[in-house]
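The report below describes one structural model in words, for reading alongside the sequence and the coordinates.

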Amino acid sequence: MQLRIVPVNGIDPAFLSRLGLCLAERFLYDVVVERSLSLSRSCLNSARRQLFLPTLTTKLLREYGNGSLLMGITDFDLYKTSQRFVFGDADEQRRVAAVSIHRLRNEFYGEDADENALFQRTLKECVHELGHALGLKHCYNARCAMHYSNSIFETDNKMPHFCEVCEKRSRARS
Ligand SMILES: [Zn+2]
Ligand SMILES: [Zn+2]
């Protein structure tokens, strides 16, 4: 199975290729980093200064959709209807996922930048969304990558992989 990672605007290519390698190793996908999708700030909700997640997934599918699994990575803050923000989301049927690194950065919380923390958090959220893309639901195990995180503390507390139960389910589905 092929996974295509689509950076939105400029995301560090070295960061993306490292991410691609880690995901390829975990999911045994053939991972490709695509040319970036340019999205101007005019696409943001002007009052919230956030990007509506369905706007992003629709654009991803329109420009890159052809059957392989798509995952957009953006620095814009994402939101969905009735949610203040989301770290990411995935649609199993349409085979598209998105992750925002906006709130995964230490700087968002007024702390010093930490590239390694940013990478680990991004990896966890990508593994989580790819789990959804495989049909996995949220897991009650707070250490499992499929645990729902609503804060950066919950993300930091998770492992960058599935618990045994979710791992078995993911194997049955992939
Ligand atoms: Zn989730
Ligand atoms: Zn689990």
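The expected span of a helix is taken as 1.5 Å times one less than its number of residues, and helices (H or I, at least four residues) and strands (E, at least two) are DSSP runs numbered from the N terminus. The model is predicted, so that local features need pLDDT of at least 70 and side-chain atom pairs count only at pLDDT 80 or more, whereas totals for chains, interfaces and linings use all residues. Residues are numbered from 1 along each chain as its sequence is written, chains are lettered from A and ligands numbered from 1 in the order in which they are written, and side-chain values use heavy atoms, with hydrogens and water left out.

Helix 1 (residues 13–27) has 15 residues, which should span 21 Å, and its end C-alpha atoms, at 21 Å apart, agree with that. At its start, a side-chain oxygen of aspartate 12 comes to within 3.2 Å of the backbone nitrogen of alanine 14, and after the helix comes leucine 28, with a positive phi near 55°.

The zinc ion (ligand 1) is coordinated through NE2 atoms of His128, His132 and His138 at 2.0 to 2.1 Å, donors being N, O and S atoms within 2.8 Å of the metal (3.2 Å for Na, K and Ca); water is not among the atoms, so the site may look incomplete. Histidine 128 is buried at 4% relative accessibility, whereas histidine 138 is partly exposed at 41%.

Serine 149 lies in the loop between helix 3 and helix 4 and is buried, with a relative accessible area of 7%. Its side chain makes the polar contacts tabulated here, each a pair of N or O atoms within 3.5 Å; within protein, one must be able to donate a hydrogen and the other to accept it, and residues adjacent in sequence count only if both atoms are side-chain atoms.

| Side chain | Partner side chain | Distance |
|---|---|---|
| Serine 149 | Glutamate 125 | 3.1 Å |
| Serine 149 | Lysine 158 | 3.0 Å |

Key. Buried means under 20% relative accessible area, exposed over 50%, partly exposed in between (1.4 Å probe, protein chains only).
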